[in-house]
Amino acid sequence: VTDASPIIHVVDDDPSFGAAIAELLKACGYQVALHSSAMQLMATPLGSKPACILLDVQMPGVDGPQLQARLTELGHRLPIVFLTGHGDIPMSVQAIKAGADDFLTKPVRKEKLLQAIERALAHGEQIRAQDRRMAVMRSLVAQLTPRERDVFDLLVRGKPHKQIAYALGTTERTIKMHRHNLMQKCRVQSLADLSVIAERLGLLQASSDATLGGSDYRS
Amino acid sequence: MRSRPVAGSWLVIDVLAPVKGLGVGSASGLLVAAALAGRAAMRGARVAARLIVGAVALAVLASPSAAAEPETRILILNATDPYLPAYQMIDATMRETLAKDTTRHFAYFSETLDAQRFDWKQYEAEFLALLVKKYKGLRIDVVVAITQPALDFVNDYGRQLWPGARIVFHGIPARARENAALPAHVTGVVTREDVGGTLDLARRLQPDARRILVIAGVADIDQRLADETRKVLAGQVQTAEVEFLLGLSQPELVERIKREAADTIVLYLAESRDRVGRPYTPRELLRAIGAVSPAPIYGIFETYVGQYGIAAGAVESYLDRGRIVAEEVLQMVKGASPAPAIAAIPSRCIADADALRRWSLDEGRLPEGCEIRFAERPFWREYPWQTFGALAVVLFEGALIAVLLVERHRRRAAELELRRRLLEVVHLNRTAAAGVLSASVAHELTQPLGAIQSYAEAAEVYLKADPSNIGRVETILTAIRRDDERAMDIIRRLRGLFRKRTETELQDFDLNDAIRDALDILTPEATKRGVELSVNQSQVALPVRADQMQLQQVVLNLALNGMDAMQSCASGKRKMSIKSAFAGKSKLEVLVSDSGTGIADDKLAHIFEPFYTTKPQGTGLGLSISRAIVEAFGGKIWAENRPGGGATFRFTLPVAKEGAL
């Protein structure tokens, strides 16, 4: 077990079960953080290391699904594997819909557990990679001047140069210059690539037709 | 006497009540006059009271001034003591018999010559003069002359004193009258002093007697009887030695009689006066010697029968004499002419059962027809109505007791049955609860089981590793054992829920223990149902005397009931609290509150009734069983709505005696 090993956050109100799972995961080479309640997990800084959450469904106070919702609200995107005492189908459906990676029934076999955890970690890795890409794109877009940003917003919506020039009260030439500059800054070769960035960052839905140049976005 | 009750006669019924006891012969006054039977005794104030009433009535009856209509006047002239028990009996019976003639009113006068105590000839003149003065101008219809001196006196002076009076005598031996001619206006009743008959009787009872002891005084009558006895004895062939004790004083006699052999026949004739002139009531003297005599005593007078009296005798009944005298008097009053013939009184064999027993005489030797007095008659024949009544009461009570016992038995059986049924229902209720709880129990069980599995797999990993991590494996094994223990605990609890009991187990325990037991089971259920459970138990022990398991069940029922009531609440709003505390000094209280829907006011009163339920799956038994359990241990249970929503179920129990825990 090294610092580089993924961290598994085990959340279970039952001390013996939690401890046993923790022991097993440790034996299998993971770092383990054992939490006896949802609140305790939420009080822990989760960091950006590879990690996943192994969450008991039934807990006094805040239960598993509630914690899941809370974490999503807070923007945490750690993969979650649920554990439940008995296969409660409505609850598992709800959990999966809410973004759970897997739903396991207690007692759980090592193989199944490890598979689920590995899957979740891989999923987590995907999320993290995506997050990284998003962060790069976001920083590229952030480099644009306000004028370039305005042009960007209209370009990705497929407006012709003439129309953009008219909308911004300038000439087609000026627009072409801005377009050249901003494509360089965004490190793209084509208008299509630029549209992909806008789409990924959610900039297409964000700015309405009326308000050009809004820099905020919603995911 | 008791064998011949005189019907319709208040006096006889009252006075002659057949009670053996103390004699009243030595008493005086009207009371004595009423107590005619010398040996009649009074027992109890009631008899005494009746005697007084009787005596007063007698006085009124005898008073000449009380007579409004022309009365028949009877003078009783006794030459001896008219207060002698015999004369009282005779006198009373005579008056009694005469009183039956309702067409006449009788007035009685009495005089005595006192001849047995005094030498009466000394004062005969003065006595005569007194009578002349007393009876001047007073008509007397009949003179009853008692004993020979009285008859002689009437014969001598009767015409002068009481002109026109007819005479009836009694108390004169038949022998004395044998050859005497009587004037027409005189008749009477002769006495047969049946010395011979009495001696015969004595010999029947004591065939082996070697001695006959005859006791008599020295008064005229005493001596006459002694002479008579001598004659009788002289006329018989004697196998026994005969001795006469004449005129001994009472102390001498008592001393003398004590030394007598038990097989002697003692014939007590009469002793009115001893040789130094001391007067006696013969009956009293008999009583004195009768009390100490080892030998049976026989006598010829009826008055001698009774306590410490004679064993038996051929006696003349004074009741007979009184009756016959009365009949003669009535004939005379009616003016029968010629005067009725002289009557004789038959002698009767009378024996005293007590005395026979005392002197060990065989009752069977008595001649047939002999009247045995004071024989112990069966109680039921003596007092048939009382006996019947008492018997009826006893039977009734017995029946009542039997009915009550049967009732009690049935009630006990019913109570036992009820208790058994309650136990069965309690058991049903437990298994139902266990069914409800089974999911959470199963869930709880997966925790240690799952832990054990994970530990085992971890241990495998450690062992397969190179190098293998044995130290870690040891730690894991300890943890496995602990979890196994925990699994066993859960199974034990589950088994406890299903355990069938046949008896209520009364024990002293801390109520908190029962709540803790319930909480062990309830906590996983609360988690499963998303109910936040807060517990606030008393810090001090709550001693209670009850069945711990049943109280645990009450807490379970109330809590499950509360959880059901919160089913429809949003998660996070399901809150339950369980509290226990002292409520005052003598009571304990447990509260189970929920944040559920509460109870409609109109249902509050019914929720503890059996089969009353507001839940679709409810049996309606949980709360009613809880009530049955709480009330069985002297407690109370009720529910109330909480102001902030939800309901509180509360039950109290009496505190167990100090030092119970």
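# Notebook: a predicted two-chain model

**Entry 1, a glutamate in a loop.** I began with Glu302(B) and listed its contacts beyond four places in sequence: Met89(B), Val315(B), Glu316(B), Ser317(B), Tyr318(B), Leu319(B), Ile350(B) and Arg373(B). I note here that the model is predicted. Glu302(B) sits in the loop that runs between strand S9 (297–299) and strand S10 (312–316) of chain B. Is Glu302(B) buried or exposed? I found a relative accessibility of 1%, so Glu302(B) counts as buried. A polar atom of the Glu302(B) side chain lies 2.6 Å from the backbone nitrogen of Tyr318(B). I also checked Leu319(B), which is 17 residues from Glu302(B) along the chain; the two C-alpha atoms are separated by 9.4 Å.

I looked up Arg323(B) next. Its salt bridge with Asp320(B) has its closest N and O atoms 3.3 Å apart. Both residues belong to helix H12 (residues 318–333) of chain B, and because they are three residues apart, about one helical turn separates them. Arg323(B) also meets Glu327(B) in a salt bridge, at 3.7 Å from N to O. Glu327(B) and Arg323(B) are four residues apart in H12, again about one turn of the helix. I then compared the accessibilities. Asp320(B) is buried at 1%, whereas Arg323(B) is partly exposed at 33% and Glu327(B) is partly exposed at 39%.

I recorded a salt bridge between Arg545(B) and Asp508(B), with the closest N and O atoms 3.2 Å apart. Arg545(B) is in strand S16 (residues 543–546) and Asp508(B) in strand S14 (residues 507–510) of chain B, so the pair ties together parts that are 37 residues apart in sequence. Arg545(B) is partly exposed at 43% relative accessibility, and Asp508(B) is partly exposed at 30%. Elsewhere, salt bridges with shared partners join Arg211(B), Glu241(B), Glu243(B), Arg256(B) and Glu260(B) into one network.

In which order do the six strands of the open sheet in chain B stand? I read S2-S1-S3-S4-S5-S11, with parallel pairing. Strand S2 (106–112) and strand S11 (343–344) are at the edges with a single partner strand each, so one side of each has no neighbour in the sheet. I followed S11(B) to its partner: two bridges join it to strand S5 (residues 186–191) of chain B, and the two run parallel. Ala343(B) in S11(B) stands opposite Val189(B).

I listed the buried residues of H20 (residues 622–632): Gly622(B), Leu623(B), Ser624(B), Ile625(B), Ser626(B), Ile629(B) and Val630(B). Their cover includes H15, helix H18 (548–565), strand S19 (636–641) and strand S20 (647–654) of chain B. Just after H20(B), Gly634(B) has a positive phi of about 80 degrees.

I turned to strand S1 (residues 7–11) of chain A, where five of five residues are buried. Ile7(A), His9(A) and Val11(A) lie on one side and Ile8(A) and Val10(A) on the other, and both faces are covered. In a regular strand, side chains alternate between the two faces of the sheet. S1(A) pairs with strand S2 (residues 31–35) of chain A over five bridges in the parallel sense, and Val10(A) has Leu34(A) as its bridge partner in S2(A).

I also looked up His161(A), in helix H7 (residues 161–168) of chain A. His161(A) has a relative accessible area of 15% and is buried. Beyond four places in sequence, the contacts of His161(A) are Leu155(A), Glu172(A), Ile175(A), Lys176(A) and Arg179(A).

How many residues does each chain bring to the contact? I have 20 from chain B and 23 from chain A. The buried area between the chains is about 1,900 Å², and carbon and sulfur atoms give 52% of that. His443(B), Gln447(B) and Glu457(B) supply 24% of the area that chain B buries against chain A, more than any other three residues.

I found three salt bridges across the interface. One of them pairs Arg472(B) with Glu23(A), with the closest N and O atoms 2.5 Å apart. Eight residue pairs are in polar contact between the chains. Helix H15 (384–464), helix H16 (470–498) and helix H17 (511–528) of chain B each give two or more residues to the side that touches chain A. H15(B) gives the most, with twelve residues. By class, this side of chain B has six nonpolar, eight polar and six charged residues.

Definitions and conventions. Residues numbered from 1 in each chain as written. Chains lettered and ligands numbered in written order. Predicted model: local features only at pLDDT ≥ 70, side-chain atom pairs only at ≥ 80, totals over all residues. Heavy atoms only, no water. Contact = heavy atoms within 4.5 Å. Buried area = accessible area lost by both parts, 1.4 Å probe. Salt bridge = Lys/Arg side-chain N within 4 Å of Asp/Glu carboxyl O. Polar contact = N/O pair within 3.5 Å; in protein donor to acceptor, adjacent residues only side chain to side chain. Nonpolar A, V, L, I, M, F, W, Y, C, P; charged D, E, K, R; others polar. Buried < 20%, exposed > 50% of the residue type's maximum accessible area, 1.4 Å probe, protein only. Pairing = 2+ DSSP bridges.
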